[in-house]
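Visitor: Please show me how to read a protein structure, one feature at a time.

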Amino acid sequence: MNNPIQDIATMMAHYGFKPEQLTKDRLEFRFSLLQEEIDELNQSRIDKNAPEVVDALIDICVIALGTLQLCGCDVNKAWTQVQQANMAKLKGTKPGRPSDGWDLYKPLNWSAPNHDDNVGNLPTLL
């Protein structure tokens, strides 16, 4: 099985994208790519085009993970923290968000992941 996080690092290296090359404008461009893919996802859903839904969802992951890497974040660390926090949630219906029980919600005493020490260059790029 491929490791998506490592695959993104390999792709970034292959194309010569380096964290030190990321500027505010380039970060904004990456955010616009995410929006473009979300728009494509919505259109694919409307068109009932399943292969394009798959493609858009994977492209969203690729752009998001690549952006984190370019920002100098430790993606594995961030992923692990979010996964641990998500696994501490409960399945059900979040108040105010009807989901027919097909949702996760935060129980009392739930702890959010803390990324304070893993933001890379984002403070200077935002």
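**Buried and exposed**

Guide: Start with Asp 103, which is buried, with a relative accessible area of 15%. Buried means under 20% relative accessible area, exposed means over 50%, and partly exposed lies in between (1.4 Å probe, protein chains only). The model is predicted, so local features need pLDDT of at least 70 and side-chain atom pairs pLDDT 80 or more, while totals for chains, interfaces and linings use all residues. Residues are numbered from 1 along each chain as its sequence is written, and side-chain values use heavy atoms, with hydrogens and water left out.

Visitor: With which residue does Arg 97 form a salt bridge?

Guide: Side chains of opposite charge can pair when their charged atoms come close. A salt bridge here is a side-chain nitrogen of Lys or Arg within 4 Å of a carboxyl oxygen of Asp or Glu. The partner of Arg 97 is Asp 103, with the closest N and O atoms 2.8 Å apart. Arg 97 is partly exposed, at 40% relative accessible area, whereas Asp 103 is buried.

Visitor: How many salt bridges does a search of the whole structure find?

Guide: The search finds two. In one of them the side chains of Lys 77 and Asp 117 meet, N to O, at 2.7 Å. This pair links distant parts of the chain, 40 residues apart: Lys 77 is in helix α4 (residues 75–87) and Asp 117 in the loop between β2 (103–105) and α5. Helices and strands are DSSP runs numbered from the N terminus (helices: H or I, at least four residues; strands: E, at least two). Lys 77 counts as partly exposed because its relative accessible area is 30%; Asp 117, at 57%, counts as exposed.

**Helices**

Visitor: How far apart are the end C-alpha atoms of helix α2?

Guide: The expected span of a helix is 1.5 Å times one less than its number of residues. Helix α2 (residues 24–46) has 23 residues and should span 33 Å; its end C-alpha atoms are 33 Å apart, which agrees. Helix α3 has 21 residues, and its reach of 30 Å from first C-alpha to last is close to the 30 Å expected.

Visitor: Which residues of α2 are buried, and what do they pack against?

Guide: An α-helix has 3.6 residues a turn, so residues three or four places apart point the same way. The buried residues of α2 are Leu 27, Arg 30, Leu 33, Leu 34, Glu 37, Leu 41 and Ser 44. They pack against α1, α3 (50–70) and α5 (122–125). In α3 the buried residues include Ala 56, Ile 60, Ile 63 and Thr 67, and their cover includes α1, α2 and α4.

Visitor: Which residues does Leu 41 touch?

Guide: Contact means heavy atoms within 4.5 Å. Not counting residues up to four places away in sequence, Leu 41 touches Val 53, Ala 56, Leu 57 and Ile 60. Leu 41 lies in helix α2 and is buried, at 19% relative accessible area. Its C-alpha atom is separated by 5.2 Å from that of Ala 56, 15 residues apart along the chain.

Visitor: Which backbone oxygen does the side chain of Thr 67 reach?

Guide: A polar contact is a pair of N or O atoms within 3.5 Å; within protein, one must be able to donate a hydrogen and the other to accept it, and residues adjacent in sequence count only if both atoms are side-chain atoms. The side chain of Thr 67 reaches the backbone oxygen of Ile 63 at 2.7 Å. Thr 67 lies in helix α3 and is buried, at 6%. Leaving aside neighbours within four places in sequence, Thr 67 is in contact with Leu 27, Arg 30 and Phe 31.

**Loops and surface**

Visitor: What is the phi of Lys 48?

Guide: Most residues other than glycine have a negative phi. Lys 48 has a positive phi of about 55 degrees although it is not a glycine. Lys 48 lies in the loop between α2 and α3 and is exposed, at 76%. Asn 109 also has a positive phi, near 70 degrees. Asn 109 lies in the loop between β2 and α5 and is exposed, at 77%. After α3 comes Gly 72, with a positive phi near 85 degrees.

Visitor: Which residues form a nonpolar patch on the surface?

Guide: Patches are made of residues with over 30% relative accessible area and no salt bridge; like charges are joined within 9 Å, and nonpolar side chains (Val, Leu, Ile, Met, Phe, Trp, Tyr) within 5 Å. Here Met 11, Tyr 15 and Phe 17 form the patch, with about 330 Å² of accessible area together. Accessible areas come from the Shrake-Rupley method with a 1.4 Å probe; for residues, only the protein chains shown count as cover. Met 11 lies in helix α1 (residues 4–15) and is partly exposed, at 32%.
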